[in-house]
Amino acid sequence: MLALLSDFALYQSYLSSVVRFSSWCSNNVLHLNISKTKEMCIDFRRNRTVVINGEPVEQVDSFKYLGVMLDEKLPFTEHVTAVQKKSQQRLHVLRKLRAFYVDPLLLRLYRSIIEPLLTLFL
């Protein structure tokens, strides 16, 4: 019973924070675009819908935030897969250019279009 009260109190606190944030945005002439607003639930015990200005916020399993793919379990596998896919696509361009014997240019291209993807968080 105590756990249920604690969960309910945490949920009420969360909703209160959402309402305060929504009010702050309104008071500072900022418009919240609810269709672009996402909610990702990391707490596996609840599955409740949040409503802002009368519109429900979409719950998602993963989303891209500041270039990083985040998902609800936070293993970053989706992000690593996305970076790997981008890198492979760009390496394909380098392989095609190699046929034109532009070797000095290939290293420069690698350092400018592929290396930044791979060393973004180092």
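**Figure 1. The whole protein and its surface.** The protein exposes about 9700 Å², and carbon and sulfur atoms supply 61% of that area (accessible areas come from the Shrake-Rupley method with a 1.4 Å probe, and for residues only the protein chains shown count as cover). Keep in mind that this is a predicted model, where local features need pLDDT of at least 70, side-chain atom pairs count only at pLDDT 80 or more, and totals for chains, interfaces and linings use all residues. Residues are numbered from 1 along each chain as its sequence is written, and side-chain values use heavy atoms, with hydrogens and water left out. Going through the fold, you'll find three helices and six strands (these are DSSP runs numbered from the N terminus: H or I with at least four residues for helices, E with at least two for strands). From the N terminus on, the order is α-β-β-β-β-β-β-α-α. Of the 122 residues, 20% count as buried (buried is under 20% relative accessible area, exposed is over 50%, and partly exposed is in between, with a 1.4 Å probe and protein chains only). Now take the contacts with a separation of 6 or more: residues 24 or more positions apart account for 32% of them (a contact is heavy atoms within 4.5 Å).

Figure 2. Leu-30 counts as partly exposed, because its relative accessibility is 45%. Together with Phe-21 and Trp-24, Leu-30 forms a nonpolar patch on the surface, with about 330 Å² of accessible area for the three together (patches are made of residues with over 30% relative accessible area and no salt bridge; like charges are joined within 9 Å, nonpolar side chains, meaning Val, Leu, Ile, Met, Phe, Trp and Tyr, within 5 Å). Val-29 lies in the loop between α1 and β1 too. What is the phi of Val-29? Phi of Val-29 is near 55°, a positive value in a residue other than glycine. That's worth a second look, because most residues other than glycine have a negative phi. With a relative accessible area of 74%, Val-29 is exposed.

Figure 3. How many salt bridges does a search of the whole structure find? The search finds one (a salt bridge is a side-chain nitrogen of Lys or Arg within 4 Å of a carboxyl oxygen of Asp or Glu). The side chains of Lys-38 and Glu-58 meet in a salt bridge, 2.7 Å from N to O. Lys-38 lies in strand β1 and Glu-58 in strand β4 (residues 58-59), so the pair ties together parts that are 20 residues apart in sequence. Lys-38 counts as partly exposed at 36% relative accessibility, and Glu-58 counts as partly exposed at 42%.

Figure 4. Strand β5 (residues 62-65) and strand β6 (residues 68-71) pair in the antiparallel sense over four bridges (two strands pair if DSSP finds at least two bridges between them). Zoom in on Phe-63, and its bridge partner in β6 is Leu-70. The two strands form a hairpin with two residues between them, and Leu-66 in the turn has a positive phi of about 55°. In a regular strand the side chains alternate between the two faces of the sheet. In β6, Val-68 and Leu-70 point one way, Met-69 and Asp-71 point the other way, and all are buried.

Figure 5. For residues 77-115, UniProt lists "domain: Alkylated DNA repair protein AlkB homologue 8 N-terminal" in an unreviewed entry (UniProt positions are given in the numbering used here, feature names are shortened, and annotations may be inferred rather than shown by experiment). The span is 90% helix and 0% strand, and its end C-alpha atoms lie 19 Å apart. Tyr-101 lies in the loop between α2 (77-98) and α3 (103-118). Phi of Tyr-101 is near 55°, a positive value in a residue other than glycine, and Tyr-101 is exposed at 72% relative accessible area. Which residues does Leu-109 touch, not counting those up to four places away in sequence? Leu-109 touches Leu-94, Leu-97 and Ile-114. Leu-109 lies in helix α3 and counts as partly exposed at 23% relative accessibility. The C-alpha atoms of Leu-109 and Arg-90 are separated by 9.5 Å, with the two residues 19 apart along the chain.
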